[in-house]
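Colleague: Thanks for sitting down with me over this one. Could you walk me through how the fold is put together, and then where the open space lies?

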Amino acid sequence: MKVSQNELIEAAKAGQVVSFPTDTVPALAVRPDRATAIFDLKRRSLEKPLILMAANFLDLQPYIQGTPAELAIWQQITQEYWPGALTLVLPASELVPEGINPGDRTTIGIRVPDLPLAREILSQTGALATTSANHSGEPPLETTNAIAQAFPNVFLLHRSDLPCDVTVGSRLPSTVAKWTGKAWEILRQGNIVIKEK
């Protein structure tokens, strides 16, 4: 269901599943406390966690926990690579709803996308639980028309400057780096390569 940006923001705030472009692939997104709606919609395994996406690191900090030294390391990484196609998997705080990562309540993936439009939306909705727009096991859908066909009840961003049949984003998934307590373990290599200090 194609809607304006304001309508999409209001739908997200109300707990509906929405879709908007990011710097990688279009996202399905929902309020963190309604994360299970995305698992149902995508027919997604509960072993595959969602990630929290927000407009800035500050909006994501309540969902993570670490020592002051770790927080300093994480903040340094975010200053160097965010906004960008880098997902950090960090220790989760008690504020992370169970539905985001049912298979492992101890960690949470977080990201700030390098697309001003996505950050503009997220700055008004707050952090959202996100994943690529596709049914589980299928390639990510890349256009508004394809997403509308696959997910007719999802609120889709429709703007005159975003043609419905044109791809927005790099089409490449983000690099995923997990904090091990001492260093970064790369779970998925994307465009961003973390330089070892």
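This is a predicted model: local features need pLDDT of at least 70, side-chain atom pairs count only at pLDDT 80 or more; totals for chains, interfaces and linings use all residues.

Colleague: Which strands stand at the edges, each with a single partner strand?

Modeller: In an open sheet the order has two ends, and here the ends are β1 and β10. Each of them has a single partner strand, so one side of each is left without a neighbour in the sheet. The edge strands are therefore β1 (2-3) and β10.

Colleague: Which helix packs on the sheet by touching β5, β9 and β10?

Modeller: Look at residues 68-81, which make contact with those strands. The direction of this helix makes about 170° with that of β5. That is helix α4.

Colleague: And which strands does helix α5 lie across?

Modeller: Helix α5 covers residues 116-125 and runs at about 150° to β2. The strands it lies across are β2 (18-20), β4, β7 and β8 (155-157).

Colleague: How many of the six residues of β5 are buried?

Modeller: Buried here means under 20% relative accessible area. By that cut-off β5 is largely enclosed by the rest of the structure, because its buried residues number five of the six.

Colleague: Now for the open space. Which strand gives the most to the lining of the largest pocket?

Modeller: The pocket has a volume of about 810 Å³. Strands β4 (51-53), β5 (86-91), β6 (107-111), β7 (128-132), β9 (175-179) and β10 (184-188) each supply at least two residues of its lining. With four residues, the one that gives the most is β6.

Colleague: Which residues lie nearest the centre of that pocket?

Modeller: The lining has 37 residues, which divide into 13 nonpolar, 14 polar and 10 charged. Those nearest the centre are Arg 44, Pro 49, Ile 51, Thr 131 and Arg 188.

Conventions
Residues are numbered from 1 along each chain as its sequence is written. Side-chain values use heavy atoms; hydrogens and water are left out. On a 1 Å grid over the protein atoms alone, a cavity is a set of points where a 1.4 Å probe fits but cannot get out, and a pocket is an open set with protein on both sides within 12 Å along at least five of seven lines; lining residues have an atom within 4 Å of a point. Grid points are joined across faces, edges and corners, and a volume is the space filled by probe spheres set on the points. Ala, Val, Leu, Ile, Met, Phe, Trp, Tyr, Cys and Pro count as nonpolar, Asp, Glu, Lys and Arg as charged, and the others, Gly among them, as polar. Buried means under 20% relative accessible area, exposed over 50%, partly exposed in between (1.4 Å probe, protein chains only). Two strands pair if DSSP finds at least two bridges between them. Contact means heavy atoms within 4.5 Å. Axes are lines fitted to C-alpha atoms, for helices over the stretch in contact, and angles run from 0 to 180 degrees between N-to-C directions.
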